[in-house]
Amino acid sequence: MSISFKETLHVGAPNIGDRQRFHQYVDEIFDRRWLTNRGELVQELEQKLADYLGVKHCILMCNGTVALEIAIRALDLAGEVIIPSLTFIATAHALQWQQIKPVFCDIDRHTYNIDPKAVEKLITEKTTAIMGVHLYSRPCDIDALQAIADKHGLKLLFDAAHAFGCSYKGQMIGNFGACEVFSFHATKVFNTFEGGAITTNNDSLAEKMRLMQNFGFAGVDNVIHVGTNGKMTEISAAMGLVNFLEINKFIEANKRNYDLYKQAIAEINGLKLIEFDENQCCNWQYIVVEVGDEYPRSRDALIDLLHANNIRARKYFWPGCHRMEPYRSLQPDAGSLLSVTDLVASRLLAMPTGTGMTAKSVGNVLDLL
Ligand code: T4K
């Protein structure tokens with residue numbers, strides 16, 4: 001079967017705000033001749049995002065991965081850190097990069113998030129932290145994870161790359177654990193081309209992370225800490241300011257697309273669309289479909305069909321970090337405790353959404369399904 005749409009529909013196609021305003025910002029940046037190193041626009045965006053999230057500190061970063069690395073280092077993590085395997089590889093790499101072993105934990109069958117019951121069994125003498133991932137915009141079971149962390153004297157932090165604009169029990173993601181890390185990559189609901197942020201309500205941690213992202217400089221010629229270069233540029237901040245003006249529009253477009261998918265997928269035997277808590281804020285940015293046994297095609301056959309018709313659906317996050325290098329070689333037995341992860345990773349499919357999708361293009365995808 002081939003419907004062959006002319007347009008190619010990508011998962012991750014960026015949301016782009018007012019171009020004219022962006023061009024004006026670029027001119028202003030050039031006029032000021034201040035391109036990076038905590039410029040005016042970075043400071044303005046940090047304040048706006050901190051206000052939006054209701055958090056004390058928002059530290060903008062060059063990308064989400066470096067932000068994770070800095071958070072991990074600032075919290076003095078070492079030894080082993082428990083994370084889910086069903087996540088983007090950056091979650092694991094940010095630890096391994098610093099010689100910390102990511103210990104892969106199974107997920108809850110329904111939420112796809114790290115399973116607190118499985119976490120406790122993985123704690124050893126070497127464990128220093130739990131890093132939850134709010135996968136596909138749905139917050140982890142934060143209360144349960146915090147209780148485990150408190151009981152065992154572990155640090156808790158979150159990879160919140162997917163959860164900008166989402167809330168947990170009425171409070172915005174960004175306020176939980178010791179700190180939370182966002183990605184503002186082009187593919188995210190809110191993007192700064194490349195970019196990210198760490199948010200925290202802890203003053204001394206924030207100060208330490210600010211030092212670490214700028215080589216440890218505490219003023220001109222005065223280095224007081226080891227550090228790296230995690231700074232966001234003014235161009236990225238300009239993109240952020242422009243996109244932030246339209247964040248509600250972006251989220252509304254995602255919600256409209258989600259509702260269209262939901263209505264149609266409810267009628268299709270064997271397909272199950274991800275569900276969200278309508279009482280919480282959500283960015284609706286991941287249209288994740290689980291392909292069950294009752295569907296006439298396997299997940300892989302379905303993705304082939306979609307690709308043949310210019311719909312670039314993705315198998316996020318197949319095959320799970322534990323089945324990719326270096327973890328596959330370093331931890332060959334990890335899969336024995338990850339049966340839910342393996343099952344779910346073989347069934348999920350992410351579908352295109354965002355402001356680039358019209359109701360008609362969603363309809364075209366649904367016709368094919
Ligand atoms: N933690 C989690 C849970 C994450 O999901 C991520 C990033 C991170 C940490 C790390 O944050 P960053 O360091 O990236 O800030 C993409 C993104 O590059 C990555 O940011 C994102 N997660 C991940 C889920 O998706 P790939 O390897 O799938 O990228 P790629 O090049 O295949 O593009 C993805 C899709 O987006 C394609 O369908 C094409 C489309 N696209 C992409 C770009 C860049 C566009 O249409 N336009 C574009 O400009 O990782």
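The exercises below, each with a worked solution, concern a predicted model of a protein.

**Exercise 1. Overall form**

Task: Work out how the radius of gyration of the protein agrees with that of a compact globule, and describe which box its C-alpha atoms fill.

Solution: Begin with the chain, which has 369 residues, a number for which a compact globule would have a radius of gyration near 21 Å. Next, take the value for the protein itself, which is 21 Å and therefore agrees with the globule rule. Then turn to the box along the principal axes, which the C-alpha atoms fill and which comes to roughly 65 × 55 × 40 Å.

**Exercise 2. Inside and surface**

Task: Find what share of the residues is buried, and what share of the accessible surface belongs to carbon and sulfur atoms.

Solution: A residue counts as buried when its relative accessible area is under 20%, and 54% of the 369 residues fall into this class. The accessible surface comes to about 16,200 Å², and 52% of that area belongs to carbon and sulfur atoms.

**Exercise 3. Glu46 and its partners**

Task: Determine which side chains meet Glu46 in salt bridges, and decide whether Glu46 is buried or exposed.

Solution: Recall that side chains of opposite charge can pair when their charged atoms come close. One partner of Glu46 is Arg38, with a distance of 2.5 Å from N to O, and another is Arg210, with a distance of 3.0 Å from N to O. The pair of Glu46 and Arg210 links distant parts of the chain, since Glu46 belongs to helix H2 (residues 40-53) and Arg210 to helix H7 (residues 203-213), 164 residues apart. Now compare the accessibilities with the cut-offs: Glu46 has 5% relative accessibility and so counts as buried, whereas Arg38, at 37%, counts as partly exposed, and Arg210, at 26%, also counts as partly exposed.

**Exercise 4. Lys56 and Asp203**

Task: Explain why the salt bridge between Lys56 and Asp203 ties together parts that are apart in sequence.

Solution: The side chains of Lys56 and Asp203 meet at 3.1 Å, N to O. Lys56 lies in the loop between H2 and strand E2 (57-61), while Asp203 lies in helix H7, so the pair ties together parts that are 147 residues apart in sequence. Lys56 has 51% relative accessibility and therefore counts as exposed, and Asp203, with a relative accessible area of 41%, is partly exposed. Elsewhere, salt bridges that share partners join Arg109, Glu290, Asp293 and Arg347 into one network, and a search of the whole structure finds 20 salt bridges.

Note on methods:
Residues are numbered from 1 along each chain as its sequence is written. This is a predicted model: local features need pLDDT of at least 70, side-chain atom pairs count only at pLDDT 80 or more; totals for chains, interfaces and linings use all residues. Side-chain values use heavy atoms; hydrogens and water are left out. The radius of gyration is taken over C-alpha atoms; the globule rule is 2.2 Å times the number of residues to the power 0.38. Buried means under 20% relative accessible area, exposed over 50%, partly exposed in between (1.4 Å probe, protein chains only). Accessible areas come from the Shrake-Rupley method with a 1.4 Å probe; for residues, only the protein chains shown count as cover. A salt bridge is a side-chain nitrogen of Lys or Arg within 4 Å of a carboxyl oxygen of Asp or Glu. Helices (H or I, at least four residues) and strands (E, at least two) are DSSP runs, numbered from the N terminus.
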